[in-house]
Amino acid sequence: MTHAYEALTELFESEGAKEYLGEDVSIATHMLQTAQVARAAGASAELIVAAVVHDVGHFSGAMSGLELMRGHDNRHDAIAAEWLSQWFDAAVTEPVRLHVAAKRYLCATDAAYYDRLSDASKYTMSVQGGEMSAAEVATFAAEPHCESATALRRFDDAGKDPEAPVPALADFRAEIEALDRTLRSSAAI
Ligand SMILES: [Fe+2]
C-alpha cells in the first residue's frame, strides 16, 4: 500500500505541481507556503496537513487546473477531498473539500475580503459560482468544518509570495505521517 507521504512526494515532483495557474508561484510552492503560514499561525496538525494538500485536486484528477483557468470548474476541492480520504480523516479532508466554498462564503460575509484576493483567485471565483447567496451562507455556516475551512482559506490566500522562503514537503512529514490512517493500521497489525 502506498502511504500518504510517498504518494504526495511523487505528486509534488510531478509536472502538474510546477504549473503556476495564474499566480506568482507554482502550485507546489503555493501549497508548501500555505502550510508554513498555517504552522506559523499555530494551526492544528490537521489544518497544517490540509494546507499542504489543499490544491492536489488541480493535478491528481482527470481535469487539471489548466481547465479551471480556461473557464471550466475542475471541482478540484471535491476531487482532492475524495483522493485524500484514502489516508486522512474528515478533520483534514473537509477543510480541503470546503476551501473553494469558503472563498465564496468569505466574499459574501467580509466586505474587505474580495479586494485582498489575487487576480487569479478573483477570476476563478467567477468560474466557481461567485459570491454565496444568503441561503448558501446559512448552509455553509452550519457545516461542522466551517471554521477550519475559512481558516484554511485565509492561509491559502497568504501562501502565494514569490519573495517568501519555500519549505520542503519533508518539513511536514511528521504531521502527514501522524495523521495517515494507513500507517496507524499497519502499526497495529
Ligand atoms: Fe490554494
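View 1. Residues are numbered from 1 along each chain as its sequence is written, and side-chain values use heavy atoms, without hydrogens or water. In this predicted model, local features need pLDDT of at least 70 and side-chain atom pairs count only at pLDDT 80 or more, whereas totals for chains, interfaces and linings use all residues.

**View 2. The iron site**. His-30 (NE2), His-54 (NE2), Asp-55 (OD) and Asp-156 (OD) coordinate the iron ion at 2.2 to 2.4 Å; donors are N, O and S atoms within 2.8 Å of the metal (3.2 Å for Na, K and Ca), and sites may look incomplete because water is not among the atoms. His-54 lies in the loop between α3 (45-53) and α4 (57-60) and Asp-156 in helix α12 (residues 146-158), so the pair ties together parts 102 residues apart in sequence. Helices are DSSP runs (H or I, at least four residues), numbered from the N terminus. Both residues are buried (under 20% relative accessible area, 1.4 Å probe, protein chains only), His-54 at 0% and Asp-156 at 3%.

**View 3. The largest nonpolar core**. This core, a set of buried Ala, Val, Leu, Ile, Met, Phe, Trp, Tyr and Cys residues joined through side-chain atoms within 4.5 Å, has 36 residues, of which Phe-12, Val-52, Val-53, Val-56, Phe-88, Leu-169 and Ile-176 touch the most other members. Its largest share, 7 residues, comes from α3.

Conventions:
Helices (H or I, at least four residues) and strands (E, at least two) are DSSP runs, numbered from the N terminus. Buried means under 20% relative accessible area, exposed over 50%, partly exposed in between (1.4 Å probe, protein chains only).
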